[in-house]
Amino acid sequence: MILQEPEVPEPRHLDDVVRLPLTPAPLAKPIPEGMRVGLIGAGRVVQNSVLPAYQAAGITPIAAADPDSNALATVQQQWGIQHTFAEFREMLDSVELDVVDLNIRWDVGLSPTRVEAVREAAARGVHVLLAKPFAATYVQCLEMVHAAQTAGITIAVDHNMRFAPVPYGIRSMIQAGVLGPLVSSSYLYHSAVGRQHTNAFDAAYDNVVHAADTLLSWFEQEPEEVYGHWSRRVDGVGSVFAGTLAFAGGANATILFDFASRHRRQMEFIAVGELASVDGRQDAGMPPPATQRRTTLRYGPHAPRGLVLELPLH
């Protein structure tokens, strides 16, 4: 006798899943025109990531400040930035700006400079976009927030991962209720390239913070307990971080940041609820320069078992 599973009717919410908006709403709005942007810091991340993003949005910053004359020459010649300065106060005094995009490194003793830059911009009524992490200490973070509140300007932190295609799509499903209450989730990152593999890199602040922020945006609550451990670090190879977050009600989340593997660069995301689960992956081509090669999102209700919806992402 062949035993068959009982037939389960198709979940009524599948149509709702297909119709979910999986692209962040701001991307559907027109990009503001005439915004006067100044850069404080014009180094590697600005040239590799920040300026290409501005270019894609049709925005060209009008000024940049950095003590490195080579960096200034590059942003002027390659990116068409008109005004360059060795010192950010000189830029703030010389050019009328709406916002400064602050990308000074925090991990080489420059957190106090970040605080001072925010204070100087706030004093002139200029809004601030600040690269993560906010600062090296909680007191410094409070100082910047206080300066912004006192001056009545907006200060924002560039925490972009929660708006990446897969994490945003999963968050949309969670908020729409099609997964049901969360049971578990995972954020797995295999780096493959970059200075993350060097012994001087502080990955907990610079990378793992992305996972913590993304998971908190899904659960919308603080974990009750956090467990974490770094593997032993091998010179020239790197190490691997594994962490578990325990939430009220028995839910958990897993973080894995692999700064040792060299053969792949990808992010994997999983969320499991009482009604359904979803998983997705963002891959980048190897070797460098890395380019996004494949982005997927799959939704599967718990019943009938095996049913999968492949959802398009942009």
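The model is a predicted one. It covers a protein of 314 residues, 44% of which count as buried. Of the contacts with a separation of 6 or more, 64% are between residues 24 or more positions apart.

**The six-stranded sheet**

- Six strands make an open sheet with parallel pairing, and reading across gives the order β3-β2-β1-β4-β5-β6.
- The edge positions go to β3 (83-85) and β6 (155-158); each has a single partner strand, so one side of each is left without a neighbour in the sheet.
- Going from one strand to the next, the twist averages 20°.

- Strands β4 (residues 99-102) and β5 (residues 127-131) run parallel and are joined by four bridges.
- If you want to find that pairing in the structure, look for Asp101, whose bridge partner in β5 is Leu129.
- On to the next pair: β5 and β6 also run parallel, with four bridges joining them.

**Nonpolar cores**

- The largest nonpolar core is made of 38 residues, and Met173 and Tyr299 have the most contacts inside it.
- Which helix gives the most to this core? That would be α8 (residues 203-219), with five residues.
- Another core, of 27 residues, lies apart from the largest one; Ala63, Phe85, Met91 and Leu97 are among its members.

**Two cis prolines**

- Lys132 and Pro133 are joined by a cis peptide bond, with omega at about -10°.
- For Pro304, the place to look is the loop between β13 (292-301) and β14 (309-310).

**Two loop residues worth a look**

- Glu220 is not a glycine, yet its phi is positive, at about 55°.
- You'll find Glu220 in the loop between α8 and β8 (225-230).
- Is Glu220 buried or exposed? Its relative accessibility is 57%, so Glu220 counts as exposed, the cut-off being over 50%.
- Ser261 is in a loop too, the one between β10 (252-258) and β11 (265-273).
- Ser261 counts as buried because its relative accessibility is 19%, and the limit is under 20%.
- The side chain of Ser261 makes a polar contact of 2.5 Å with the side chain of Asp258.

Technical notes. Residues are numbered from 1 along each chain as its sequence is written. This is a predicted model: local features need pLDDT of at least 70, side-chain atom pairs count only at pLDDT 80 or more; totals for chains, interfaces and linings use all residues. Side-chain values use heavy atoms; hydrogens and water are left out. Two strands pair if DSSP finds at least two bridges between them. Axes are lines fitted to C-alpha atoms, for helices over the stretch in contact, and angles run from 0 to 180 degrees between N-to-C directions. A nonpolar core is a set of buried Ala, Val, Leu, Ile, Met, Phe, Trp, Tyr and Cys residues joined through side-chain atoms within 4.5 Å. Buried means under 20% relative accessible area, exposed over 50%, partly exposed in between (1.4 Å probe, protein chains only). A polar contact is a pair of N or O atoms within 3.5 Å; within protein, one must be able to donate a hydrogen and the other to accept it, and residues adjacent in sequence count only if both atoms are side-chain atoms. Contact means heavy atoms within 4.5 Å.
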